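Reader: Hi! Could you bring up the model, and settle one term before we start?

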Amino acid sequence: MSQLPKLGLLVLLVSMTSDTFAEDTQNLSRGELSAAIGVVNKYIYRGGEENDDPSVQFGLEYAYNSGIFLDYWGSTLNYDSSDANQDHGFEHDFYIGYGRALNENWSYKSQIVSYYYQNGGTVYSEDGSDQRRTTGFEILNDVFYKDLSLGLGVMLTDVN
């Protein structure tokens, strides 16, 4: 089964259970659950085109009242990082972090992100001389003042 029908089933499941999620989030005393789904005409990551075709993207976050949060984000791709002959793939991003508001103007957030691509791992060139990792880890830190943000990200692995 290709990724698009699977994603369609996921969208259907999320829409059918959205009322359940809404009830659950109202009853959660320790945190809040939120979800988002969207279709974008082009997936651009840090100024580069990650996908030049329309992409379906989905996110799910649980934020504890203590400031700890867990997050998942995924996107369809028009390539497979492990097979140049494939014209579709999927990116999975997993986040864990901590963030707090210091007052009404200042807040901060620190997180560790794992980027995982469908059939990811280490990919070798045809002659075996070149290899690149498709799975990576990054530390992101952000400071916010009202609508202004300053961020620093450090990639912990050499990823292509």
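Author: Happy to: a contact means heavy atoms within 4.5 Å. This is a predicted model, where local features need pLDDT of at least 70, side-chain atom pairs count only at pLDDT 80 or more, and totals for chains, interfaces and linings use all residues. Residues are numbered from 1 along each chain as its sequence is written, and side-chain values use heavy atoms, with hydrogens and water left out.

Reader: Thanks. Which residues does Glu-138 touch, not counting those up to four places away in sequence?

Author: Quite a list: Tyr-45, Arg-46, Gln-111, Ile-112, Val-113, Tyr-115, Gly-153, Val-154, Met-155 and Leu-156. Glu-138 itself sits in strand β10, residues 136-145. Strands here are DSSP runs of E with at least two residues, helices are runs of H or I with at least four, and both are numbered from the N terminus.

Reader: Is Glu-138 buried or exposed?

Author: Glu-138 counts as buried because its relative accessibility is 2%. The classes are buried under 20% relative accessible area, exposed over 50%, and partly exposed in between, with a 1.4 Å probe and protein chains only.

Reader: And which side chain has a polar contact with Glu-138?

Author: Tyr-115, at 2.4 Å. A polar contact is a pair of N or O atoms within 3.5 Å; within protein, one must be able to donate a hydrogen and the other to accept it, and residues adjacent in sequence count only if both atoms are side-chain atoms.

Reader: Let's zoom out. How many helices and strands are in the chain?

Author: 1 helix and 11 strands. Along the sequence the pattern reads α-β-β-β-β-β-β-β-β-β-β-β.

Reader: What is the strand order in the open sheet?

Author: The 7 strands run β1-β4-β5-β6-β7-β10-β11, with antiparallel pairing. β1 and β11 are at the edges with a single partner strand each, so one side of each has no neighbour in the sheet. From one strand to the next the twist averages 15 degrees; axes are lines fitted to C-alpha atoms, for helices over the stretch in contact, and angles run from 0 to 180 degrees between N-to-C directions.

Reader: How many bridges hold β1 and β4 together?

Author: β1 (residues 31-40) and β4 (residues 55-64) pair over 10 bridges, in the antiparallel sense. Two strands count as paired if DSSP finds at least two bridges between them. As an example, Ala-36 has Gly-59 of β4 as its bridge partner. Then β4 joins β5 (residues 68-77) through 7 antiparallel bridges, with Ala-63 bridged to Phe-69 in β5.

Reader: What about β7 and β10?

Author: Also antiparallel: β7, residues 106-117, pairs with β10 over 10 bridges. There, Lys-109 is partnered with Asp-142 of β10.

Reader: Switching to turns. Which residue in the hairpin of β4 and β5 has a positive phi?

Author: Gly-67, at about 110 degrees, in a hairpin with 3 residues between the strands. In the β2-β3 hairpin, with 2 residues between its strands, Arg-46 has a positive phi of about 50 degrees. That pair, β2 (residues 43-45) and β3 (residues 48-51), is antiparallel with 3 bridges, one of them linking Tyr-45 to Gly-48.

Reader: And what is the phi of Lys-146?

Author: Positive, at about 50 degrees, though Lys-146 is not a glycine. Most residues other than glycine have a negative phi. Lys-146 lies in the loop between β10 and β11, and counts as exposed because its relative accessible area is 54%.

Reader: Last one: what is the mean pLDDT of the chain?

Author: 78, with 67% of residues at 70 or more; pLDDT is the predictor's confidence in each residue, from 0 to 100. Residues 1-7 fall below 50 and have 8 contacts beyond near neighbours in sequence. Residues 9-25 are below 50 too, with 6 such contacts. Where pLDDT is low, the predicted coordinates should not be read in detail.
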